[in-house]
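Subject: Structure handover

Hello,

Here is the structure you are taking over. My notes on its contacts follow below it.

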Amino acid sequence: MKKTGLKAFSIFLLFLLFVLIVSLSGSEIFETSLDNGLTLLIREDHSVPLVAVRVCYHVGIKNECPGLTGITSICEAIMWQGTRAYKKGEIARIIQAGGGYTSSFTDWDVTHFYSRVPSDMLDTVLMLEADRMAGTGLTSEKLLLSKDIVRKKRLSEVESSIYGRINEEYFNLAYRAHPYGHNKYGWPDDINRINLNDLKKHFHAYFQPSNAVLVIAGDLETEAIVKRVTELFGNINSRPMEERRPISEPESIGDRRSVIVADIGVPAIIMGYRIPGISHPDYPVLNIITNILGTGTSSRIYQRMVNDEKSAMYTDGGIIMSEEPGLIYFYALLNYDSPVEDAEKQMSGEIKRIKDEMITEAELEKAKNQVVVNYYRNSRTLDDITRNLGTARFITGDVNFGKHLVNAVHHVSTEKIIQTAQKYFKNSNRIVVVISPPEAGDAYILEEEHE
Amino acid sequence: MNKKRIIINAIMICIISGAGAYSYDGEIVSDYTDFSLSNGLEVYLIEDHRQPMIDFIMLFRTGSATDSSRLSGLSALSLTMLMNGTENFPGTALNNAIDSTGGILDFTTLRDGSFIEGTFLSRDFSFALEALADMVQRPVFTEENLEREKRRFESIAMQRNSISSARLRDALYMNNFGREGYGLPAEGRRAGLRRVELDDVKEYFTHNIHPDNAVLFIGGDIKADKAKKTIKKLFADWAPGKDVYRSIVDITLPDTLEIIIYDNPDAPSTDFVIGRPAVPAVSDRAAALILFDYILGGGGEISRLWQSVVVEQALATVIQSRIDWSRHEGVMMISGNASNETAADAIREIMAVIEELREIRVPVSEFEDTKNFFYGNFVGQYETTHSSLSMMATLNRLGVKQDFYPELLKRFDQCDPDKLRDIAREFLNPNNMTVVVSGPIRKLKPGLTGLGNITVIGGGEN
């Protein structure tokens, strides 16, 4: 294609985007609830002989109050410690011996237990998950083991990883009031002090059918699965749920800033701003802003810092998709000899520019296209589908959130972008972390000497 | 065009309680066509209309294994230079045009191959291929772009060196493959990167980025006939190139257990890697090695290493094993993390597990569970068009046929616990393995003394 054809090509894309958005659809999602409050989401897909099963509990970092940080991860670990029917380690052994895999994780708002198996194994996985939901006993011995698991994960993933520590520092800085500010593995002293009563209270409040969604996707027959799920999960008792008070993050009077001297080989900078949770009407606009500023090699920050100023080796941006106050952030890994002060000015300059100058229609269309591609890329596998459905059901209340987001970004205008940027990109709303490598003793010098 | 299918036939005799038995009888996991252009470009095509997307991978069958120590990083740097403008899309116009579609383009260089991977909406199929064709046939290399990329790559090398796990892997490779080719990290080292000049990049391009060294894997929401026409139109005139650079594979097996300690006095915990070269993916022994690796540490939390070192002895926080497969000798590798106080004992315990597996026959139930995992898991490798293309490109990079996996499953049936023990005896001989650890020497050295030949890098004891 010749350069002269680019403009016509862009107009053509504009038209096609409209056609695509209007026709955006996927397979039907079946939703029902059992009498005990368990929500069941099913999506049939017979293209491969596989199924994905995910049990999501609506509990995460946001449910942990000071002194009890890390308790959700302890509960998650306890659910791998065995039941009366299956001893510790059996769930993984059975699923792997059937050709599948299984795992779990806790995030800001939701705790996930998930498996993907050959479709013949679906019934086995449902039996195992029902047994885990009903039969996880809480004992002092299991608590000790689970606390040890969480401590070890914290040691390897947070304390021993400089990126883990930077991440922890960033969230501590970003959230003063909201529990999102602490890591999912909690603070070491909290983990040490959590006792069996704490555990029982948290576990019984949140790890129960009325606070769970079971998502199944793949090669299955919906009618038969609804019947089987009702048999296996229908008799599990739910307890009354206490209503949780939402916690908001108070305004600051200045930006929050941290300078970390750490050996990541090169200097780096992270600049973020507090934004509302994912259900807020500004979320689609913020998605577009993230793409214009931070996504891809043609994004404004990349163009400025990597191509023009040559201060960075890589830049990127993103949004924390959370139920309650979220973050929009941009970061740059700088070239080894670039001053951090200059890089900060360049990044700030691009963020200021989007508040002051109207973006072009071409930039807007590019950002919208990126949202569409991202939607499809993130819903390819059965695991993707169950993760998206389970998360969206809890943190937005809308299982079709992804599709609705794609449609919503289509209506974002250039004027709305300036208004939204001005609303959130304020110094009093900003969190900056600068990482500078130590002056001496960096690992690379040792490596070169060894060479 | 030849229509081909990957078909799996397997019956899993399950010993697990309440799970029954499963069978795959003629299950089609991938349906593709392949053809070649007269210039040597091979094409694999999958038609899949589940999503309005297309994916492609262009594989060049030479990678960083061709790099010399003097110009380390040349192959990765040269590949990235393709993204810095073409005759039809000068400068940043190429990036802008690609991003404007929402599409994504990535560049990866591994030891045995280099990849350009793209994901686009299917409506942009023609444009995506035009951009790819332009990039590989008509790139424009400038001094200014090279200088910028060199500085970026130097920074990437420095950042990578600050990551403990990457440094340990690099040291393991260097100890077994020397300081050229296979022994180098794909991203290169600073000294080598600094020496690269524009003529080196142009020369690399002439020898390696040409159709008879390339394979195009493409799939998604496209009609095969239309795709073939477009591919012919865009790539048929791509001229064949000079002879490809040769991979440098120079294996040096230690004759004793080598222990390399990176002294990191402030490290909160200790990372470790243990390994040695194994066999090429084409080897007859690959099947037994895959099963053995799963039992050793590849099976995650049910593996022998996890159960012994993490659960029973509580000496490590995490541990796993894997095989870094390659067209030449891959690397059998155990990696993990432990507290500084228990790391030396963790390594001794790993050696004890290895010694045990060299002596015993694993129980039949454990052996059958392992085979069943692969029978069932195999289908998942072809779950999406993207994963199918990745698998096909990987197999091609490794120099094995597209029916590698079904053939592998047949070979599993010829394995037994005795063969696994033979594999353990051959490939897990502590006397020619390398242990690399990163942590505080004062806590590590006393526990590791006597286990093997210790070399310390950095800190006060160098």
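Within chain A, 17 residue pairs are in polar contact between domain 1 and domain 2, with both residues of a pair at pLDDT 80 or more. That score applies because this is a predicted model.

On the side of domain 1 of chain A that touches domain 2, α6(A) gives the most, with eight residues. Other elements that give two or more residues there include β2 (39–44) and β3 (50–57) of chain A. By class, that side has 25 nonpolar, seven polar and nine charged residues.

Domain 1 of chain A covers 30–233 and domain 2 covers 256–450. Their C-alpha centres lie 29 Å apart, and the contact takes 41 residues from domain 1 and 35 residues from domain 2. The two domains of chain A bury about 3,100 Å² between them, 70% of it on carbon and sulfur atoms. On the domain 1 side, A:Ile166, A:Tyr170 and A:Leu173 lose the most area, together 21% of what that side buries. Three salt bridges are counted between these domains. A:Arg54 and A:Asp383 form a salt bridge, with their closest N and O atoms 3.9 Å apart.

Now the two chains. In chain A, 78 residues are in contact with 80 residues of chain B. The area buried between the chains is about 7,000 Å², and carbon and sulfur atoms give 57% of it. Five salt bridges are counted between chain A and chain B. B:Arg151 and A:Asp337 form a salt bridge at 2.8 Å, N to O. Helix α13 (residues 361–377) gives the most to the side of chain A that touches chain B, with seven residues.

Regards

How values were computed
Residues numbered from 1 in each chain as written. Chains lettered and ligands numbered in written order. Predicted model: local features only at pLDDT ≥ 70, side-chain atom pairs only at ≥ 80, totals over all residues. Heavy atoms only, no water. Contact = heavy atoms within 4.5 Å. Buried area = accessible area lost by both parts, 1.4 Å probe. Salt bridge = Lys/Arg side-chain N within 4 Å of Asp/Glu carboxyl O. Helix = DSSP H or I, 4+ residues; strand = E, 2+ residues; numbered from the N terminus. Domains from an automatic or database assignment. Polar contact = N/O pair within 3.5 Å; in protein donor to acceptor, adjacent residues only side chain to side chain. Nonpolar A, V, L, I, M, F, W, Y, C, P; charged D, E, K, R; others polar.
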